[in-house]
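Please walk me through this structure in the viewer.

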Amino acid sequence: MAASWLLKRWCSTAANITVTTKGTRWERLRNGRAGVWFRSLLTDYKEACREAVVGARDRPLKASVYLGVLGGMYACCYTNPDDSSFETSLLETSNRLALLSPWIRSGTSDGHIQTLVKLRNEGRLRYASLGIASLTYYADYDAESSLYEARCSAISVPWSELHKRVLDVGFAGRWWVLDHKMKDFDINEEEFKHLPPALVATVPPSPQITERNEKLHEDSWKAVVMDEESSEFEGVQKDMDTSGEGKESIKA
């Protein structure tokens, strides 16, 4: 009996000491430097959010402009193209040019694509992300090259000359220089250099006129469909022609 009573008393005392110790540690942590710093940080964020809501109510136009700018930056970051998208676009455009004869390719498009493909094969293309936009530029050596000139940072190209090496700019999900160079890639400008001035100054037809002419050409190959009124009119006209021929034969 005495042993069981001592065991129960010891267990209850240990539990009380544990609860007291836990409560003391929590209070010490709460009142310590870390606890005070976290409480002040939460208070600052709370005040900042409250001031933002109050300011948006007082100046809705300014708040709308800020929200629009933040939304635009988020959209630009979300649609910012990466290096894999540039390589994919480069391979697609090179394949499109390969389907054309060298005599009808645009010299500007072909030269730009050939330069990019050569730099890619040599491992000299580099990619840099700026958050809302991306840059593609070229380097002097391959990234895996072990040459001293390629590894030494003292003789490497400074960042101030990066603008001279930029090949393309990626923004809003597009590579703008590549798209611009591929405009009219199936028109060879060299073919029109020796034309007379009168033909050079001729304005080409608009897409609407070209589409209309193509539609008329396709309609010309279709079978002629005649409705009932046209067939009746044609039958009456044949009867009149037949009666006229009969009268002429009687007179003769």
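A pocket here is an open set of grid points with protein on both sides within 12 Å along at least five of seven lines, and its lining residues have an atom within 4 Å of a point. The model on screen is predicted.

Start with the largest pocket. Select Ala139, Asp140, Ala150, Ser156 and Val157, which lie nearest the centre of this pocket. The whole lining has 19 residues, and the volume of the pocket is about 500 Å³.

Next, highlight strand E2 (134–138) and helix H6 (148–151), the elements that give two or more residues to the lining. H6 supplies the largest share, three residues. Colour the lining by class: twelve of its residues are nonpolar, six are charged and one is polar.

Now move to a pair of helices. Select H4, residues 83–98, and H5, residues 107–121; their axes come within 10 Å and cross at roughly 130°. An angle over 145 degrees would count as roughly antiparallel, and 65 to 115 as roughly perpendicular; H4 and H5 are therefore oblique to each other. Their crossing is left-handed.

Which residues meet where H4 and H5 are in contact? On the H4 side, show Phe86, Glu87, Leu90, Leu91, Thr93, Ser94 and Leu97. On the H5 side, show Ser109, Asp110, Ile113, Leu116, Val117 and Arg120. Coloured by class, this contact has seven nonpolar, three polar and three charged residues.

Note on methods. Residues are numbered from 1 along each chain as its sequence is written. This is a predicted model: local features need pLDDT of at least 70, side-chain atom pairs count only at pLDDT 80 or more; totals for chains, interfaces and linings use all residues. Side-chain values use heavy atoms; hydrogens and water are left out. Axes are lines fitted to C-alpha atoms, for helices over the stretch in contact, and angles run from 0 to 180 degrees between N-to-C directions. Helices (H or I, at least four residues) and strands (E, at least two) are DSSP runs, numbered from the N terminus. Angles under 35 degrees count as roughly parallel, over 145 as roughly antiparallel, 65 to 115 as roughly perpendicular and the rest as oblique. A crossing is left-handed if the near helix is turned anticlockwise from the far one by less than a right angle, and right-handed if clockwise. Contact means heavy atoms within 4.5 Å. Ala, Val, Leu, Ile, Met, Phe, Trp, Tyr, Cys and Pro count as nonpolar, Asp, Glu, Lys and Arg as charged, and the others, Gly among them, as polar. On a 1 Å grid over the protein atoms alone, a cavity is a set of points where a 1.4 Å probe fits but cannot get out, and a pocket is an open set with protein on both sides within 12 Å along at least five of seven lines; lining residues have an atom within 4 Å of a point. Grid points are joined across faces, edges and corners, and a volume is the space filled by probe spheres set on the points.
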